[in-house]
Amino acid sequence: DNPDLSPLDLMEIVKGPDFPTGGEIVGKAGILDYFQTGRGKIKLRGKTHIEENPKHNDYIVITEIPYQLNKTLLIEKIVSLVKEKRIEGISDIRDESGRQGMRLVIVVKKNSDPTIVLNHLYKFSQLQSTFSVINLALLNNAPRIFTLKEMIEQYIIFRHEVIVRRTKFELKN
């Protein structure tokens, strides 16, 4: 309806990409880059929260992981980081995933701060990763990188052609 929208105005309508395994996008700079230029890097984090338990150890609970990350490989990587002593403060890892969804529980040692352990997990494991975006598509049989606005414009042109061709076909029959 409004072809003069800027990329910032488009960000009010299109919030960003939706990844099938969930996770959280950290910052909007990468999204704005690929909306404006067609290329960008998006920083993804697993969705986590800390469950505090006054009688026992605190838990870091992971409910979503970044796109293209295997849960089993993540667990193995965390175990190897603990064995190498690159991450300290983890006493146990449990996979409590089931019908309700994914739930990976990391038990934090009593004398360790769970936020520090979580930051180390982001830093050293794939719980935080970078996903590159290139809006590459074919236009007139030639590859081209599109901004979000150009991509929407080309989609509208395509839909118009489809409707015109379908209508001509139906009129002919």
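## Terms and model

A residue is called buried under 20% relative accessible area, exposed over 50%, and partly exposed in between (1.4 Å probe, protein chains only). By this scale Lys71 is partly exposed, because its relative accessible area is 22%.

The model is predicted: local features need pLDDT of at least 70, side-chain atom pairs count only at pLDDT 80 or more, and totals for chains, interfaces and linings use all residues. Residues are numbered from 1 along each chain as its sequence is written, and side-chain values use heavy atoms, with hydrogens and water left out.

Helices (H or I, at least four residues) and strands (E, at least two) are DSSP runs, numbered from the N terminus. Two strands pair if DSSP finds at least two bridges between them. An open sheet is built from three strands in the order β1-β2-β7, with antiparallel pairing. Its edge strands, each pairing on one side only, are β1 (24–26) and β7 (128–134). On average, neighbouring strands of this sheet are turned by 40° against each other, direction ignored.

Between β1 and β2 (residues 39–45) there are three bridges, in the antiparallel sense. Ile25 has Leu44 in β2 as its bridge partner. Helix α2 (residues 29–37) packs on the sheet and touches β1, β2 and β7; contact means heavy atoms within 4.5 Å. The direction of α2 makes about 155° with that of β2. Axes here are lines fitted to C-alpha atoms, for helices over the stretch in contact, and angles run from 0 to 180 degrees between N-to-C directions.

## Salt bridges

A salt bridge is a side-chain nitrogen of Lys or Arg within 4 Å of a carboxyl oxygen of Asp or Glu. The structure holds five of them. One joins the side chains of Asp95 and Lys71 at 3.1 Å, N to O. This pair links distant parts of the chain: Asp95 is in strand β5 (residues 90–95) and Lys71 in helix α3 (residues 71–83), 24 residues apart. Asp95 is partly exposed, because its relative accessible area is 41%.

Glu96 and Arg94 meet through their side chains in a salt bridge of 3.0 Å, N to O. Glu96 is partly exposed at 34% relative accessibility, and Arg94 is partly exposed at 30%. Both residues belong to a network of salt bridges that links Glu51, Arg94, Glu96 and Arg103. A salt bridge of 3.2 Å, N to O, is formed by the side chains of Glu150 and Arg144. Glu150 counts as partly exposed at 25% relative accessibility, and so does Arg144 at 33%.

## Thr147 and helix α5

Thr147 sits in the loop between β9 (142–145) and α5. Thr147 is buried, because its relative accessible area is 16%. Leaving out residues up to four places away in sequence, Thr147 touches Phe35, Gln36, Thr37 and Gly38.

Phe158 is part of helix α5 (residues 148–172). With a relative accessible area of 44%, Phe158 is partly exposed. Together with Ile152, Tyr155 and Ile156, Phe158 makes a nonpolar surface patch of about 410 Å². Patches are made of residues with over 30% relative accessible area and no salt bridge; like charges are joined within 9 Å, and nonpolar side chains (Val, Leu, Ile, Met, Phe, Trp, Tyr) within 5 Å. Accessible areas come from the Shrake-Rupley method with a 1.4 Å probe, and for residues only the protein chains shown count as cover.
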